Amino acid sequence: MAILQVTAFSKCLMRNVPLTVVLPVDRMVASPRTEYPTLYLLHGIFGNTLDFLNGTRIGRWAMEQELCVVMPSGENSFYLNDPDQFALWSDFVGKELVELTRRMFPLSHRREDTFLGGVSMGGYGALYNGLQFRDTFSWILALSAPIRLEDLRDRATDNAFILTNRRYAQRCFGDLQTAPERDVNPLHLVERLWKEGAQLPQIYLACGDRDELLPGSKRLAALLERLEIPHIFEILPGAHEWDFWDEALLRALGLLPIGRRRKVKP
């Protein structure tokens, strides 16, 4: 397993951004040159590119499954575009990052080999961007994702804590009164795309039975069930914590079409 620390310039963000990449190229048994399936993993709020290596066993699993894992830094952006700050996080995740890493590494360009996942804020980012860039990603893995945007309307402007500050929420989601009726709301986005007959990625939702965000996941799962959109929803023991995400991520990897590498011509 090779763990690579990459710094690359992003036109979407207008600055250099750090990436951590797990690439299973140094296995003991030599094999032909390959195109690796790829999982792009988005960290939660206050996180960084090393979160998954520190909090889960993703490095070992990636090597065992011959899977490339790309973990960008998303700051506290919710992976949404913010044109006023020249920070197009959604475009970065859904397009530029994929194109950049495919140029850098021997990655498959096939939709069926390309997946997007995340935890907490990153779970929201995986849902939103996986749906927006549905022609790129075949699977969405959303673990403990915050989905109930209606709750944002009650935030106070003078609250000093970022997670409950109204101005921070407005920076991410725009007008908080209309947010539930716009595409920033995954439920609204799912229903709009369903009405348009769009081909959606396979969706894996998981949340802990002691996580306060569980009602949002239940609500999205109920919508997906009603619309007969393929998905898997699991409520597993645990809270909003790495022990839960470690187990849920392992279960999610078991669903992905990975484990065999595709030979390509030199």
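1. First, a term. Helices are DSSP runs of H or I with at least four residues, numbered from the N terminus. Keep in mind that this is a predicted model.

2. Start with V184. V184 sits in a loop. Helix 5 (166-173) and helix 6 (186-195) lie on either side of that loop. Is V184 buried or exposed? V184 counts as buried because its relative accessible area is 10%, and the cut-off for buried is under 20%.

3. Now its surroundings. Setting aside neighbours within four places in sequence, V184 is in contact with L80, Y124, Y128, L149, F173 and A179. Take Y128. V184 and Y128 are 56 residues apart in sequence. In space, their C-alpha atoms are 7.0 Å apart.

4. Look next at helix 3. Helix 3 covers residues 89-104 and has a kink of about 40 degrees. The kink is centred on E96. E96 is also one of the buried residues of helix 3. Others among them are W89, F92, L97 and R102.

5. Then the whole chain. The protein chain has eight helices and 12 strands. Buried residues make up 55% of its 266 residues. Of contacts between residues at least 6 apart in sequence, 71% join residues at least 24 apart.

6. Last, size and charge. The C-alpha trace spans about 55 × 40 × 35 Å along its principal axes. The radius of gyration is 18 Å, which agrees with the value near 18 Å for a compact globule of 266 residues. The chain carries 31 positive and 33 negative side chains. The centres of these two sets lie 6 Å apart.

Methods:
Residues numbered from 1 in each chain as written. Predicted model: local features only at pLDDT ≥ 70, side-chain atom pairs only at ≥ 80, totals over all residues. Heavy atoms only, no water. Bend = angle between axes of the 7 residues up to and from the residue. Helix = DSSP H or I, 4+ residues; strand = E, 2+ residues; numbered from the N terminus. Buried < 20%, exposed > 50% of the residue type's maximum accessible area, 1.4 Å probe, protein only. Rg over C-alpha atoms; globule rule 2.2 N^0.38 Å. Contact = heavy atoms within 4.5 Å. Lys, Arg positive; Asp, Glu negative; His and termini not counted. Charge placed at Lys NZ, Arg CZ, Asp CG, Glu CD.
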